[in-house]
Every structure is written in structure tokens, then in C-alpha cells.
Amino acid sequence: MGLFGALTTAVTGLRAQSFALENVSGNIANSQTTAFKRIDTAFQDLIPDDILSKQKAGNVVATSRATNTVQGDIQTASSGTFLAINGAGFFVVAKPSNFVDNRPVFDGTNLYSRRGDFTPNKDGYLVNGAGYYLMGIPIDPTTGNLAGSVPVLLQFQNDFLPAQPTTQIDYRANLARYPLTPHHDTSVPGSELLNPIDFTADPTAIPPQSARIIGAGATLLPDAAAVVTGGAILPGALVNGGTITINGTNIVLAVNDPPSQVAPPGIIQKINAAAPPGVTASLDGTNHLILTSTDADTAIAITGSAPALFTELGLNVGTTNPTNLLTQNAAAQGQTMNITVGASTLPIIFGSAGGQVSTLAELSATLATLAPAAGTATVNTGNGNITIIAAGANTISVAGTATPLTFGMHTASAIPSNQVVVGDDLSTFISETVGGGAITAYDVSGSPVNMQLRWGKIDSSSLGAGHTDTWNLFYQSSSTATGATPAWQNAGSNFTFDPNGQMNPAVTNLTLNNVLIDGISLGTIAVSIGSGGITQFSDPNGGAQVNLLTQNGFAAGSLQTITVSDKGRVVGSYSNGRSIDLAEITLAIFNGANFLKRIDGGAFEATDESGAATFNASGKILASSLEGSNTDIADEFTKLIVTQQAYSANTRVISTANQMAQDLLNTLR
């Protein structure tokens, strides 16, 4: 059957080249189809069984050769949900088997595609141009973790994102080593500090406890607006050589008539001329001398060459009896204070040894031992001030073992503290602190709350031994507080710094319990600071430089748009300004990707030859991009020419075989 075998072989050649032409035609037709994978043609010879010397070239059969693993060009796209895969992998998709009430019904079969022109439809599904629905793994919006490991159909509807209350604040800041508060005066050490004695109650960060009298101390000063009064000062009743000392300025007084000396009306003139601002002298209706100071830092001392210089002279704060009100910063261990009222002297030794005073309760008990005929001495356990009121004509003097006298009540752990600033102390608080930033927090219903922060420096290493740079953090609890209503709340922790500007010890986390701001409860908030989150370096601006201030709460919001990130996550943008990861797009991979079965629309089905899908593809998802067809027009045109020539050659074989058959038939004529 040699002659007719040649005809049969030529026919198989025509059939094979027709098959190849069909593939070339399809490739060229789909050269602009998104993510199309061209089909190449493979030719296989079919050899009839025969002895070695009689074997023939055989017939030919054409088969398809897939290029599923050959990537097309990546092109940018304007849609945030258009996707391309760079590398190996397939999108997991599904196609509805039918529709019920205009809603898709799926049969549960997973399909695979590299066509990524997905857009959201009216039901919130992501559907590509061939009608396939994207699958992936949902993400828990609260934890950010994947909610499973098996891809499911992704649907994003315009539901509300529930409100999330603020439970954590991340905070980083630098505090100026020297805060330029409105209250500071560079010529006065410690004037930049928040001073507890300026407040109705101590707002510094110490737990309520029995107060300890500790620390270095400060010069004895009268309280603010103290009035100095004496006994009857009538013409001729004073002894020559009296001196009034006001902040180191000596004013020598005399009462004789010569021009070089000063009579009572001249006393007033001379004092007012020499006294610093804030101190005035006057005579009352009975010629009593009155010294008035409106400055709490003004020190007034009165001495003379004779005991009768100023009979019954003392410091008065609104009582009719002579009074001495002492307001100090601290009392050193072993410091002695001698209170003399008339002929009675009461010695007080500060310290923790037997018979010494170390708490406000002990000081109060000691002051109560002053002789009743001399007067009374009490301590205010709220602000630590000592008030001494002389009885009758007795006079008061205070002395100590150090010059200047150093004793008193206020240190970081000196008196019980409720750690709040009340409305009456607002202006003082603002003048002694610096702003620490503000952030909007949210309660459980999503209501916004303006959370204001301020820092107050309560101790400074520049004051000498026993002092360290220490700050307290406050948050505003009421923006409308007045009177005794709390306005600011201390965060409850001391931030101390070493000479290098680092916290020592480090305060890495801070818990704010029962946070209530303008009547809105925020519950417990954890403040994350980190080991070096708060520093104290020099800053010419003299304030707090906030480097990070964020919180994890938000109000409820509805879904506005969805996009896909380059990490392959579907991101939802909500009306409350939040962007939340909603799902992760899963890429499937096959051991035999070129053995997948092609179906319409650039999709594939798994086969026994391809193997089952696994979800560890190495490909990367590119957002706002599309993969083009991997058809090369020039290459296909070359195949077209070759196929045409091969087809023509096979027709020549048929023509030749036909002519030979005619010649054979002609031999019979």
C-alpha cells in the first residue's frame, strides 16, 4: 500500500497543519485578550510496526501544547481592583451555575484564572470581565488575622463597621530639660516647676498615704498676700535703730524729730520708696503699721536694737491676732525648727528617729504641745502650711539650724495627693505646665472625645543634692470645670530622667483607669510608651515635642470603596476615615499547571494530570495592573507562513500520488 499509504500520510499532514493553523488563528484572535495563554502546536509521528529495514517515516498527528506558565506583559490600569500576577499562581474563582431572584447560585466548584480585571458588582462580589467571581480568605477586622485557610467567595456589602472604643494610646515625646512655662523666671531656681503649694490640693503623682516630711528645703517665706501688723505704734513709742529687711533690702527706721530721722508718717514714705513692687506700707486708723505683700516669694524680716521696737509684731493672714504662716518646700533630715511664742519655745526636729517628726500627723501632734497661754500652732494636712497664732501680747519668732532656714512640707511624696487639678486652680496649672498634645479618642458607642495632655515638671536636679529631673503627665477630665470640680487628672506616674535625658527607671507602659472626660466614660486605656519613648533633651522652644500620638479607636462607618494592596489584601475605605483589611486574595499553584483544562473566559479546571491546587504560590499580586496576552504576533505570523508552506507541500504529495496512480491506470489501456 505504498502509493495509497503516501496519500494517507499526506492527508494526516494536511489535517495536522490545519490543526496548527487553527491554533495560530486562535492565538492571533486573542492577542488582546486579558491574561490569554496561547496554544502552541506539537507534532508527533506515528510509525507503523514493521521490520527495521521496512520502517517508514509514518503519519503525523498534531496536539496542543499549553503555555499556562508563560507570563504575559504587565500593564498598569486605573482601577484599584484590577489585579495582575507577577510570577507563578492563579486566582481562585467561581462561576454561578444559575441565578435565583437575580442572585448567583454556585455549585461549589473552584476554578482558576489569571484574568484579573475584577470590579465590584451590585451585590458586593468582585467579578472579572469573563463573569468569574473572585475567592479569598476573609480577615477579622478586629485582630487583623485570617479567618480560615480555605478560599471562599468574597462579598463586600455596605454594612457599617462597628465602632471600636479607644483602649490603647501610643505616645512618644521629648520634654525640654528646662520648660519655658509662663510662670518661669530664669533668675529664680525652681520657678519653672509645678509647685504643689500653689494648688488647693497637691496634684502630683503620689498615692494617698501618710505624708512624709523629707527633702532639701527652701528659705522661710510668708504666704501670698500676707499682711504684717504690730501693736500700737504711736509717735515717740519706738526705739531708735529699728530695721525692716525686705528681700535683702534694709530700711533703717528712727522716730526722733531731727531731719535725719523719720517720724511715723515718714516711716510709711521711706518704706514705700525702698520696698520692691508688691510690698506696701501704711498706717491704720489707730496708727498701727501695716506691711502688705502680694508676692509669695517676698521675705520680710524685722529687727531692732531694743526688744520694744515693734511690740506684738507678726505676720497676719486675716485674723485679728498676730499670725505666722509658713509655707515651705521640704524639711531636711535632722533639721531643727524652734517656734518661740512669748516665753514659750517649741523645738521640732525633723527625721524618722525616736522623738523626731516625719509625718504630718506627728507634726500636728507636736504643734499641739505648744503652751496654751502662748498661743496655737497647727498644720493644714491638705496643703502642709503651718499657722501659728500668738495669744494676747505675745510675739512670734521662728529659727532653725540652717541659714537660710530650711524646713517645711512639700516634696514629691510629702503630703497626701488626690492627683487632680480643680477648676479654681486652672490658671495656675496652665502657667506651670507645658502642652503635651491632643488626640481624639472614642467611647464604646463611637462618640469622639477630645483628650488633652499636659506635662508638669515637679523636680529639678539643678536644685542640688536629693533632687532629680521629674515630670508628671496630666489629661484633661473636664473642659468646663469651675470651683472644686476636677479639671485635670494626673496619669499617676513619676517620669524621672538621668543626666543623659533618658528615663530612669523606664516607664514603658502606663494604665489610665476609669478615664472620664467631659462626662464621657472611656474606661481603661493603656498608654504604650516604650523604653525610650519619653526623653528629656534640651529644647530652645521649652515645650514638649510630640513625636507620636495615636490611638486604636474609631467611630462607626459605612463602606465607601474597596481597593487591593500590593500585598494582595482587599482594603475597605469607610466613611469614618478608616481603611481596614477585609480579605486576602489567595493564589493557587499546581505541580502540572500546563495540564489544566481550559474553559471559556480564560479559566481553568484542575485535572488528574495537573494535580490538586495548593495555596503557596510564589507569585506576587500587583494592584491596579493587568496581565496581557502572552501571544507574540510576529511569532504567530512566522508560524502562519511555516504552516501554509507545510500545508502546500502536503497537497503536492497528494498531487504527485494522484499522478502516479493515473500513470498506473494508463498502463491498462
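A salt bridge here is a side-chain nitrogen of Lys or Arg within 4 Å of a carboxyl oxygen of Asp or Glu. By that rule, a search of the whole structure turns up 13 salt bridges. Keep in mind that this is a predicted model.

**Salt bridges**

- Let's start with Asp40 and Lys639, whose side chains meet in a salt bridge at 2.7 Å, N to O. Asp40 sits in strand 1 (residues 39-46) and Lys639 in helix 5 (residues 633-666), so this pair ties together parts that are 599 residues apart in sequence.
- Next come Asp123 and Arg103, with a salt bridge of 3.5 Å, N to O, between their side chains. Asp123 is in the loop between strand 9 (119-120) and strand 10 (126-127), and Arg103 is in strand 7 (residues 103-105), so the pair ties together parts 20 residues apart in sequence.
- In this pair, Asp123 is buried at 9% relative accessibility, and Arg103 is partly exposed at 47%.
- Asp469 and Lys457 also join up through their side chains, in a salt bridge of 3.1 Å, N to O. Asp469 belongs to strand 31 and Lys457 to strand 30, and the two are 12 residues apart.
- Here both partners are tucked away: Asp469 counts as buried at 4% relative accessibility, and Lys457 counts as buried at 2%.
- There is a network too: salt bridges that share partners join Arg38, Asp40, Asp635, Glu636 and Lys639.

**A buried glutamate without a salt bridge**

- Glu432 is found in the loop between helix 4 (426-431) and strand 29 (434-442).
- Glu432 is buried but has no salt bridge, and the nearest side chain of opposite charge, Arg454, is 11 Å away.
- What Glu432 does have is a backbone neighbour: a polar atom of its side chain lies 2.8 Å from the backbone nitrogen of Asn195.

**A buried serine**

- Ser493 is part of strand 32 (residues 486-497), and Ser493 is buried, with a relative accessible area of 15%.

- Strand 13 (160-161) and strand 39 (579-585) each give at least two residues to the lining, and strand 39 has the largest share, with three.
- By class, the lining splits into 13 nonpolar, two polar and two charged residues.

**The cavity**

- The structure has one cavity of 30 Å³ or more, and the largest cavity contains about 60 Å³ of space.
- Around the largest cavity are Ile169, Tyr171, Met451, Leu453, Leu473, Tyr475, Ala491, Leu512 and Val527.
- At least two lining residues each come from strand 14 (168-175), strand 30 (448-459) and strand 31 (469-476).
- The lining of the largest cavity has nine nonpolar residues, with no polar and no charged ones.

Key:
Residues are numbered from 1 along each chain as its sequence is written. This is a predicted model: local features need pLDDT of at least 70, side-chain atom pairs count only at pLDDT 80 or more; totals for chains, interfaces and linings use all residues. Side-chain values use heavy atoms; hydrogens and water are left out. Helices (H or I, at least four residues) and strands (E, at least two) are DSSP runs, numbered from the N terminus. Ala, Val, Leu, Ile, Met, Phe, Trp, Tyr, Cys and Pro count as nonpolar, Asp, Glu, Lys and Arg as charged, and the others, Gly among them, as polar. On a 1 Å grid over the protein atoms alone, a cavity is a set of points where a 1.4 Å probe fits but cannot get out, and a pocket is an open set with protein on both sides within 12 Å along at least five of seven lines; lining residues have an atom within 4 Å of a point. Grid points are joined across faces, edges and corners, and a volume is the space filled by probe spheres set on the points. Buried means under 20% relative accessible area, exposed over 50%, partly exposed in between (1.4 Å probe, protein chains only). Lys and Arg count as positive and Asp and Glu as negative; His and the chain ends are not counted. A polar contact is a pair of N or O atoms within 3.5 Å; within protein, one must be able to donate a hydrogen and the other to accept it, and residues adjacent in sequence count only if both atoms are side-chain atoms.
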